Amino acid sequence: MAANTTPIFLKAVNEQWISGVVTANTSFDMSTGTSYLIFTADATNGSKIEDVYINHQGTNIASVVRFFVNNGSSTGTPANQVLVHEETVAANTASQVAASVPVVWRAGLVLKPGFKLYCTTGTTVASGYHVAAVGGDF
């Protein structure tokens, strides 16, 4: 089988995000509990997520944010998604004189057309997280 020797580049920037990631979901297959849709890939050619940013929206306890790739179908079926990454998020106290420390995942994640990136948090946090995915469409 011949390999593709033609380089492919992103044709359009695609940035998507969600605020208010608050409620815990302790499942490791995302088929139950609260999940948050962050990014939906271009329906025709797919997309690439270069980086994902997690920022505190105020004072929060420590937690973990889990990321799942879903095939565009129901999240109620475990076979429709896979856990692809986890990030530990340190506790944070909101301040007007000191910045919160963001978490950056250098994802480099390529998604097929219509596939989706979701996240969950391991513990319920008071103020929530803002999660943004930055990339582009093919």
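These legends describe close-up views of a predicted model.

**View 1. The sheet E2-E8-E4-E5.** Four close-ups of strand pairing begin with an open sheet of 4 strands, arranged in the order E2-E8-E4-E5 with antiparallel pairing. Strand E2 (36-40) and E5 are the edge strands; each has a single partner, so one side of each is left without a neighbour in the sheet. On average, neighbouring strands of this sheet are turned by 25 degrees against each other, direction ignored. Strands of a sheet pair through backbone hydrogen bonds, either parallel or antiparallel.

**View 2. Strand E8 and its two partners.** Strand E8 covers residues 116-121 and runs antiparallel to E4, to which 6 bridges join it. E2 also pairs with E8 in the antiparallel sense, here over 4 bridges. Of the 6 residues of E8, 5 are buried, so the strand is largely enclosed by the rest of the structure. Individual bridge partners can be picked out along E8. Lysine 116 of E8 is the bridge partner of threonine 40. Leucine 117 of E8 is the partner of valine 69, and cysteine 119 of E8 is the partner of phenylalanine 67.

**View 3. The aromatic pair of phenylalanine 67 and tryptophan 105.** The structure holds 1 aromatic pair. The ring centres of phenylalanine 67 and tryptophan 105 are 4.9 Å apart and the ring planes stand at 40 degrees, so the pair is tilted. An angle under 30 degrees would count as stacked and one over 60 as edge-to-face. Phenylalanine 67 belongs to strand E4 (residues 63-70) and tryptophan 105 to strand E6 (residues 103-105), so the pair ties together parts that are 38 residues apart in sequence. Phenylalanine 67 has a relative accessible area of 0% and is buried. Tryptophan 105 is buried as well, with a relative accessible area of 7%.

**View 4. The salt bridge of arginine 66 and glutamate 86.** The count of salt bridges in the model comes to 3. Side chains of opposite charge can pair when their charged atoms come close. In this view, arginine 66 forms a salt bridge with glutamate 86, and their closest N and O atoms are 2.7 Å apart. The pair links distant parts of the chain, with arginine 66 in strand E4 and glutamate 86 in strand E5 (residues 81-89), 20 residues apart. Arginine 66 is buried at a relative accessible area of 9%, whereas glutamate 86 is partly exposed at 39%.

**View 5. The salt bridge of aspartate 51 and arginine 106.** The side chains of aspartate 51 and arginine 106 meet in a salt bridge with an N to O distance of 3.2 Å. Aspartate 51 lies in strand E3 (residues 47-56), while arginine 106 is in the loop between E6 and strand E7 (109-111); the pair links distant parts of the chain, 55 residues apart. Aspartate 51 is buried, with a relative accessible area of 15%. Arginine 106 counts as exposed, at 58% relative accessibility.

**View 6. The salt bridge of lysine 48 and glutamate 50.** Lysine 48 and glutamate 50 meet through their side chains in a salt bridge of 3.8 Å, N to O. Lysine 48 is partly exposed, with a relative accessible area of 24%. Glutamate 50 is also partly exposed, with a relative accessible area of 33%.

**View 7. The surroundings of asparagine 25.** Asparagine 25 is placed in the loop between strand E1 (12-21) and E2. Its relative accessible area is 3%, and asparagine 25 is buried. A polar atom of the asparagine 25 side chain lies 2.8 Å from the backbone oxygen of threonine 32. The backbone oxygen of threonine 34 lies 3.0 Å from a polar atom of the asparagine 25 side chain. Leaving aside residues up to four places away in sequence, asparagine 25 touches Thr32, Gly33, Thr34, Arg66, Thr120, Thr121 and Gly122. One of these contacts, Arg66, is the arginine that forms a salt bridge with glutamate 86.

Methods
Residues numbered from 1 in each chain as written. Predicted model: local features only at pLDDT ≥ 70, side-chain atom pairs only at ≥ 80, totals over all residues. Heavy atoms only, no water. Phe/Tyr/Trp six-rings, centres within 6.5 Å; stacked < 30°, edge-to-face > 60°. Helix = DSSP H or I, 4+ residues; strand = E, 2+ residues; numbered from the N terminus. Buried < 20%, exposed > 50% of the residue type's maximum accessible area, 1.4 Å probe, protein only. Salt bridge = Lys/Arg side-chain N within 4 Å of Asp/Glu carboxyl O. Pairing = 2+ DSSP bridges. Axes fitted to C-alpha atoms, helices over the stretch in contact; angles between N-to-C directions. Polar contact = N/O pair within 3.5 Å; in protein donor to acceptor, adjacent residues only side chain to side chain. Contact = heavy atoms within 4.5 Å.
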